[in-house]
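This report describes one protein chain, from its overall form down to single residues. Look at the sequence and the structure first, then read on.

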Amino acid sequence: YGPPGTGKTYHTVNRALEILGITTTDRAAMKRIFEEKVNAGQIAFVTFHQSMSYEDFVEGIKPHLKEDGGDEGLMYQVQPGIFKSISEKADQRKGNFSEVIERLKLEISEADNKPPLTVKTQSSTFDVKFRGGNMFYVQPHNSTKENAWNPASIPMIEKYFESGSTEGLYNVTYVKGIVDHMSRSRGLVKAKGDSEALPHILIIDEINRGNVSQIFGELITLIEEDKRAGKPEALSVTLPYSKESFSVPPNLYIIGTMNTADRSVEALDTALRRRFEFVEMAPQPDLLRIDPADLDSPLLRVSDIALRDLLYTINLRIEKLLDRDHQIGHAFFMGITTWEQLKNAFQHKLMPLMQEYFFGDYSKIGLVLGKGFVHKLKGYQKADEIFADFKTGYESDLAQREVWHLHNIAAMDELTFLAALAELKVFPFSAP
């Protein structure tokens with residue numbers, strides 16, 4: 001958790017790979033490995049929002065169209081949500097042979113006019129069909145016989161998968177090829193003990209932006225460490241749609257990110273707060289260097305102003321006027337080396353955020369950024385000069401009120417912009 005721009009989402013990649021036992025400082029390698037784990041189903045990523053529901057996250061009844069389409073083909077099926085799906089992948093206390101084989105049957109069912117599956121092995125290539133019962137039918141591509149479909153018993157496939165023994169198997173090449181395909185491409189796994197189970201990770205970005213109690217439902221209880229499956233105080237629930245018994249495996253990790261400047265942070269469920277460890281991510285001005293990983297690297301500068309000092313100064317003033325949760329992160333100024341880039345950051349990122357923070361009170365923006373960016377409206381300041389002739393009883397209050405405007409940053413040339421920066425009066429950075 002922390003203010004915007006402090007690298008919360010950026011660091012979920014680092015944290016996820018750390019949980020998986022992978023250590024590298026090469027960001028490109030990190031991203032590549034992370035994407036591989038996402039594609040393999042070991043990591044899942046979701047962003048919470050106000051429309052997110054229990055049906056999206058755990059399970060729900062969703063419409064499904066048959067292949068022939070039309071209203072008559074519309075069906076409603078119970079479908080797992082993001083959390084249930086990754087929990088089932090993580091739960092390796094039992095193998096998933098039945099689940100994988102049933103999906104494969106549906107995909108290559110001859111009765112539903114589905115095309116056969118093509119399996120390639122080192123020694124052969126063959127097609128596989130399902131015609132019902134406990135049998136697949138296999139046709140090698142190099143067969144000289146027309147419609148030569150050979151049987152491959154599903155019980156024999158399961159026996160070979162569990163034992164690794166080929167004793168008593170018929171059509172061994174086909175059985176091994178089907179098992180290898182399911183293991184390689186369809187996530188087929190054997191039952192494993194808790195110590196062998198691979199960690200799985202769910203990353204929830206902007207966790208405080210959803211209605212947490214509505215989205216999590218009974219999971220708020222189940223995700224607690226000692227309530228996980230196999231733990232002394234383990235609990236399970238019967239899910240409302242599928243009526244299945246469900247528990248959360250101990251090897252599923254949940255990482256959330258939370259923007260403290262977002263006013264919806266107050267809605268974060270207290271019960272959920274208690275079940276997480278909180279790590280603050282504060283702005284790090286010292287990262288504003290040519291090489292952020294090297295603290296001896298030269299500082300990023302525009303003119304004679306170090307961006308580290310600029311960020312430090314702005315955050316000191318915001319913290320004084322508001323609080324530490326509304327500071328701005330170092331990401332706002334990362335990689336900036338020219339006055340045009342800094343001007344663009346002020347115009348499109350910093351100034352809109354200041355207007356949001358101070359609800360349009362430009363005088364407070366002036367306290368943060370100085371008179372080079374905020375100025376007092378000239379002329380017609382007095383109440384009797386600007387308003388119509390009408391008595392209200394609070395003319396004295398209006399007489400004391402001043403009107404402030406923002407300078408047009410887009411119209412600033414280099415000299416004007418650098419002069420405005422000089423008016424900001426930057427303090428030298430002081431490490432906490």
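## Overall form

The chain has a radius of gyration of 31 Å, whereas a compact globule of 432 residues would have one near 22 Å. The model is a predicted one.

The secondary structure consists of 16 helices and 15 strands. Of the 432 residues, 41% count as buried. Among contacts with a separation of 6 or more, 61% are between residues 24 or more positions apart.

## The second largest pocket

The second largest pocket has a volume of about 1,100 Å³.

Sorted by class, the lining of the second largest pocket holds 16 nonpolar, 10 charged and four polar residues. As a general point, rolling a probe the size of a water molecule over the atoms shows where empty space is left.

Ala 16 is part of helix α1. Is Ala 16 buried or exposed? Its relative accessibility is 0%, so Ala 16 counts as buried. Apart from neighbours within four places in sequence, Ala 16 is in contact with Phe 34, Ile 43, Ile 201, Ile 203 and Ile 255. Between Ala 16 and Pro 250, which are 234 residues apart along the chain, the C-alpha atoms are separated by 16 Å.

Lys 8 is found in helix α1 as well. Lys 8 has a relative accessibility of 13% and therefore counts as buried. Leaving out residues up to four places away in sequence, Lys 8 touches Tyr 1, Gly 2, Pro 3, Thr 257, Met 258, Asn 259 and Met 281. Lys 8 and Met 281 are 273 residues apart in sequence, but their C-alpha atoms are 6.7 Å apart in space.

Val 374 lies in strand β14. Its relative accessible area is 3%, so Val 374 is buried. Not counting residues up to four places away in sequence, Val 374 touches Tyr 362, Ile 365, Gly 366, Trp 404, His 405, Leu 406 and His 407. Val 374 and Asp 413 are 39 residues apart along the chain, and 16 Å separates their C-alpha atoms.

## Residues in loops

Ala 148 sits in the loop between β6 (135–140) and β7 (150–153). With a relative accessibility of 12%, Ala 148 counts as buried, because the cut-off is under 20%. Neighbours within four places in sequence aside, Ala 148 is in contact with Val 138, Gln 139, Pro 140 and Ser 143. Ala 148 and Tyr 137 are 11 residues apart in sequence and 9.2 Å apart in space, C-alpha to C-alpha.

Most residues other than glycine have a negative phi. Asn 171, which is not a glycine, has a positive phi of about 60°. Asn 171 is placed in the loop between α6 (154–163) and α7 (172–185). Ser 303 is not a glycine either, and has a positive phi of about 60°. The loop that holds Ser 303 runs between β12 (301–302) and β13 (305–306). Ser 303 has a relative accessible area of 52%, so Ser 303 is exposed.

Key
Residues are numbered from 1 along each chain as its sequence is written. This is a predicted model: local features need pLDDT of at least 70, side-chain atom pairs count only at pLDDT 80 or more; totals for chains, interfaces and linings use all residues. Side-chain values use heavy atoms; hydrogens and water are left out. On a 1 Å grid over the protein atoms alone, a cavity is a set of points where a 1.4 Å probe fits but cannot get out, and a pocket is an open set with protein on both sides within 12 Å along at least five of seven lines; lining residues have an atom within 4 Å of a point. Grid points are joined across faces, edges and corners, and a volume is the space filled by probe spheres set on the points. Ala, Val, Leu, Ile, Met, Phe, Trp, Tyr, Cys and Pro count as nonpolar, Asp, Glu, Lys and Arg as charged, and the others, Gly among them, as polar. Helices (H or I, at least four residues) and strands (E, at least two) are DSSP runs, numbered from the N terminus. The radius of gyration is taken over C-alpha atoms; the globule rule is 2.2 Å times the number of residues to the power 0.38. Buried means under 20% relative accessible area, exposed over 50%, partly exposed in between (1.4 Å probe, protein chains only). Contact means heavy atoms within 4.5 Å.
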